[in-house]
Amino acid sequence: EHLEHFQRELDAYQDRKNRDQLDNLGHESDLMSFMLVGYRDFASGKVVLEPRFRKAGEFFEGLAYVQILKHYGYINTKGELAIKPQFLSAKDFAEQRAAVLIVNKHNVERWGFIDPKGNMVIEAEYHNARCFCEGLCAVEFRSGWGYIDTQGTKVIDFKFDVAGDFKD
C-alpha cells in the first residue's frame with residue numbers, strides 16, 4: 001500500500017513538472033513564489049472561497065477586487081467574476097465607484113473610476129487616487145492632490161502635497 005501511494009505521488013510530481021515547462025525560463029532567478037488568497041467566513045472559520053487569487057480585497061458593496069495572473073478584476077460574494085480582470089491595479093468600491101489603474105488613451109498609466117458593472121465612469125487621468133468617502137475622493141493630478149465628486153467634477157483644487165479621505 002505504501003509503495004502504491006509513493007508511486008502515485010511520484011507520477012503526480014512528474015505530471016506537474018511536465019506541465020510547468022520550467023525549461024522555458026531565461027534564468028532560474030526568474031522564478032518567484034507566491035501565495036494564493038481565498039476567503040474564510042469570520043464567524044465560523046469555514047473556507048467559503050478556495051484560495052485561487054494572487055491578491056484579493058475585502059468585499060464592499062457586494063464586490064471585491066482580485067488579482068488573477070497579472071490583472072485585477074472584481075468578484076461577487078459567490079466567487080463569480082463580476083468584472084473581468086483587465087486592470088493593472090484596483091481599489092475597493094465605495095459609493096458605487098472604484099479606482100482602477102489602466103493604460104489610458106494617451107498611452108500612460110493613470111487612475112480612473114468604474115461603476116459596479118465595470119463601465120469607466122470617470123476618465124483615467126489621475127496619477128493616484130484614494131476611495132470615495134462622503135461623496136468626495138482625493139486624487140492626484142499632475143503635481144497636486146485635490147478632490148472630485150462621484151461624477152468626476154473637481155470640487156477642491158489640486159494644490160495639496162497630501163490628501164486623505166474626506167470626512168466631516
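## Close-up views of a predicted model

**View 1. Asp 165 is partly exposed, at 37% relative accessibility.** Here partly exposed means between the cut-offs for buried (under 20% relative accessible area) and exposed (over 50%), using a 1.4 Å probe and protein chains only. This is a predicted model, so local features need pLDDT of at least 70 and side-chain atom pairs count only at pLDDT 80 or more, while totals for chains, interfaces and linings use all residues. Residues are numbered from 1 along each chain as its sequence is written, and side-chain values use heavy atoms, with hydrogens and water left out. What does the side chain of Asp 165 meet in a salt bridge? It's the side chain of Arg 130, at 3.3 Å from N to O; a salt bridge puts a side-chain nitrogen of Lys or Arg within 4 Å of a carboxyl oxygen of Asp or Glu. Asp 165 sits in the segment after strand 14 (154-160) and Arg 130 in the loop between strand 11 (128-129) and strand 12 (136-141), so the pair ties together parts 35 residues apart in sequence. Strands (E, at least two residues) and helices (H or I, at least four) are DSSP runs, numbered from the N terminus. Arg 130 is partly exposed too, with a relative accessible area of 32%.

**View 2. Glu 123 and Lys 105 pair up through their side chains.** This salt bridge spans 3.4 Å, N to O. It links distant parts of the chain, with Glu 123 in strand 10 and Lys 105 in the loop between strand 8 and strand 9 (109-114), 18 residues apart. Lys 105 is exposed at 65% relative accessible area, while Glu 123 is partly exposed at 41%. A search of the whole structure turns up 3 salt bridges, including one between Lys 154 and Asp 157 at 3.3 Å, N to O.

**View 3. Arg 97 is buried yet has no salt bridge.** How far away is the nearest side chain of opposite charge? That's Asp 115, 5.5 Å off, with Lys and Arg counted as positive, Asp and Glu as negative, and His and the chain ends not counted. Arg 97 belongs to strand 8 (residues 97-103). Its side chain does reach the backbone oxygen of Thr 150, at 3.0 Å. Leaving aside neighbours within four places in sequence, Arg 97 is in contact (heavy atoms within 4.5 Å) with residues including Phe 113, Val 121, Phe 132 and Gln 151.

**View 4. Ala 124 is buried, at 5% relative accessibility.** Ala 124 is part of strand 10 (residues 120-126). Not counting residues up to four places away in sequence, Ala 124 touches Ile 102, Asn 104, Arg 110, Trp 111 and Gly 112. Ile 102 and Ala 124 are 22 residues apart in sequence, with 7.1 Å from C-alpha to C-alpha.

**View 5. The largest pocket has a volume of about 190 Å³.** Its lining includes Phe 34, Leu 36, Arg 52, Phe 53, Gln 67 and Ile 68. Strand 2 (47-53) and strand 4 (63-68) are the elements giving two or more residues to that lining. On a 1 Å grid over the protein atoms alone, a pocket is an open set of points where a 1.4 Å probe fits, with protein on both sides within 12 Å along at least five of seven lines; lining residues have an atom within 4 Å of a point. Grid points are joined across faces, edges and corners, and the volume is the space filled by probe spheres set on the points.

Terms used: A polar contact is a pair of N or O atoms within 3.5 Å; within protein, one must be able to donate a hydrogen and the other to accept it, and residues adjacent in sequence count only if both atoms are side-chain atoms.
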